[in-house]
Amino acid sequence: MESDEVTLREQLFHNRVRETIICVLLFSCLYILCYLILTHFKKTAEFITDDAEDATVNKIALWLCTFTLSVAVCAVLLLPISILSNEVLLAFPHSYYMQWLNGSLIRGLWNLVFLFSNLSLVFLMPFAYFFIESEGFAGSRKGVMARVYEAVVLLLLLALLVMGIVWVASAILHDNIARKSLYDLWEYYLPYLYSGISLCGVLLLLLCTPFGLSRMFSVTGSLLVKPRLLEDVEDTLNCTAFEEATLSRKIKYGRASCWVKLDIETMKREYQAAQNKRISLEMRQKASAWQRNLGYPLAMLALLAMTVMCVLMVCFNVLELLLDEKAMPRGMDDPHLGMASFSMFGSLGAAVQVVLILYLMVSSVVGFYSSPLFINLLPRAKDTNLTQIIANCVSLLILSSALPIFSRTLGITRFDLLGDFGRYDWLGNFYIVFLYNMMFAGLTSASLIKTVTWAVQRELIRAFGLHKLPLTVSRSTVPFRLLLASGLSKIQ
């Protein structure tokens with residue numbers, strides 16, 4: 001009996017060590033990847049300065065941003081890893097090499113992401129911002145530690161302010177919770193704060209994702225080579241080469257004449273952008289006929305199919321919400337992996353769910369950076385300061401940490417929320433969930449219809465050369481016979 005108990009303890013110990021090693025390896029790989037990404041966008045001048053103190057502070061802040069971005073990427077991968085793990089265990093139920101892939105590992109990963117995401121939002125990112133902006137208290141000895149002390153004090157003051165706001169909000173909405181003492185901080189107030197942050201993230205996804213789904217067509221079209229009927233690469237290349245030569249002469253003239261009012265740095269950035277655009281156009285000009293005539297239509301059809309599929313799944317989820325209360329998002333403690341597929345279509349349906357979840361995340365990021373409110377946050381290669389990097393990391397973490405709740409609320413997947421992700425108060429409110437689904441379906445459908453109609457009209461105008469008409473000439477007054485003749489001449 002005692003030997004069985006020892007064997008059980010040893011097995012639990014080895015399982016815990018194995019799960020820890022897997023999580024550390026996964027996070028280390030994501031950390032290295034995110035560090036390379038941030039290094040590509042950071043402004044080099046902030047890290048190569050004569051002041052060693054500023055360089056050290058900036059490096060520490062960059063490490064904290066890398067940690068936050070790694071947590072954001074891991075939050076995006078939570079649902080795909082969980083769904084694919086379940087399908088792998090269904091395909092290989094008795095495989096010895098798949099024993100490490102179990103419900104305990106997945107549950108631990110969800111709990112770690114929840115902990116680190118809230119730690120980054122509440123403590124690390126505010127500390128990083130205060131750290132790079134601080135200079136030490138007046139009269140204190142200058143150095144890194146003086147800036148640390150000032151950042152910590154500011155962080156404590158911010159924490160008191162936020163907790164006061166949370167207490168007032170809980171007093172207005174839930175009087176019984178507000179009467180709890182401050183000793184119940186971890187049990188009542190922090191989960192209430194996390195619930196509010198998640199609700200803000202889900203609302204931000206509701207606004208950004210439909211707009212991003214419509215923007216995905218134009219963004220993808222700018223990366224691919226369009227058919228010759230829809231794009232004249234040679235004309236665009238000649239214009240870009242002329243612009244590049246003009247900027248080169250202006251930069252040379254500005255250096256020779258020492259004209260103070262001439263912004264050489266701005267013109268250098270414009271020249272670099274024009275040069276990169278010219279190189280991209282030259283590569284697109286060399287594209288084969290298969291890439292030109294087959295790649296672009298297939299990409300547009302794939303985007304259209306995924307967008308329509310998302311809308312149909314949300315509409316089906318609305319019907320299920322009206323008929324069956326099991327469609328409501330809820331939390332669970334044990335994922336029960338390897339027992340049944342989370343899709344009625346088996347492994348194929350699970351793969352489609354993973355693709356749609358990642359597609360929604362990419363669309364939300366595209367919509368976020370395309371919106372007028374956040375377009376200034378768009379990072380630029382080698383020209384993004386640390387304040388912008390911190391703002392970008394916070395924004396991406398808010399979006400990614402809300403992605404599992406967003407996907408489950410819309411019915412994209414049937415995988416219930418694990419750990420603390422499923423303990424938010426508003427998830428059990430039928431009216432909020434139902435209205436959220438209806439708003440997403442309506443906004444996405446409207447954006448899709450507008451995008452398709454405007455895209456067809458714009459491409460027809462470009463194909464027939466009507467975009468070159470002067471503004472005083474109304475395109476609606478052009479006869480259809482002339483429009484058809486112009487199109488036929490271009491095709492020939």
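Trainee: Let's begin with the cysteines: how far is the sulfur of C34 from the closest cysteine sulfur?

Mentor: Happy to start there, and do keep in mind that this is a predicted model. The closest cysteine sulfur to that of C34 belongs to C393. A disulfide would need the two sulfur atoms within 2.5 Å, and this pair is too far apart for a bond, at 8.2 Å.

Trainee: And what separates the sulfur of C65 from its closest cysteine sulfur?

Mentor: For C65, the closest cysteine sulfur is also in C393. The pair is again too far apart for a bond, because the gap is 4.5 Å.

Trainee: How many disulfides does a search of the whole structure find?

Mentor: A disulfide is a covalent bond between the sulfur atoms of two cysteines. C34 and C65 each lie too far from C393 for such a bond. Over the whole structure, the number of disulfides found is zero.

Trainee: Is C65 buried or exposed?

Mentor: Buried means under 20% relative accessible area. C34 falls in that class with 1%. C65 has a relative accessible area of 0%, so C65 is buried.

Trainee: Turning to the nonpolar core, which helix gives the most residues to the largest one?

Mentor: The largest nonpolar core holds 91 residues, and W110, F406, F415, F421 and F440 touch the most other members. The top contribution to this core is 14 residues, and it comes from helix α4 (residues 103-133).

Trainee: What does F440 touch, beyond residues up to four places away in sequence?

Mentor: F440 is one of the core residues that touch the most other members. Leaving out residues up to four places away in sequence, F440 touches L206, T209, P210, L213, V314, L360, F406 and L410.

Trainee: How far apart in space are V365 and L396, C-alpha to C-alpha?

Mentor: V365 belongs to helix α11 (residues 346-370) and is partly exposed, at 22% relative accessibility. V365 and L396 are 31 residues apart in sequence, while their C-alpha to C-alpha distance is 7.7 Å.

Trainee: Finally, what is the area of the nonpolar surface patch that includes V153?

Mentor: V153 is in helix α5 (residues 144-173) and counts as partly exposed, at 35% relative accessibility. The patch is made by F137, M145, Y149, V153, L154, L157 and L160, and its area is about 690 Å².

Note on methods: Residues are numbered from 1 along each chain as its sequence is written. This is a predicted model: local features need pLDDT of at least 70, side-chain atom pairs count only at pLDDT 80 or more; totals for chains, interfaces and linings use all residues. Side-chain values use heavy atoms; hydrogens and water are left out. Patches are made of residues with over 30% relative accessible area and no salt bridge: like charges are joined within 9 Å, nonpolar side chains (Val, Leu, Ile, Met, Phe, Trp, Tyr) within 5 Å. Accessible areas come from the Shrake-Rupley method with a 1.4 Å probe; for residues, only the protein chains shown count as cover. A salt bridge is a side-chain nitrogen of Lys or Arg within 4 Å of a carboxyl oxygen of Asp or Glu. Helices (H or I, at least four residues) and strands (E, at least two) are DSSP runs, numbered from the N terminus. Buried means under 20% relative accessible area, exposed over 50%, partly exposed in between (1.4 Å probe, protein chains only). A nonpolar core is a set of buried Ala, Val, Leu, Ile, Met, Phe, Trp, Tyr and Cys residues joined through side-chain atoms within 4.5 Å. Contact means heavy atoms within 4.5 Å.
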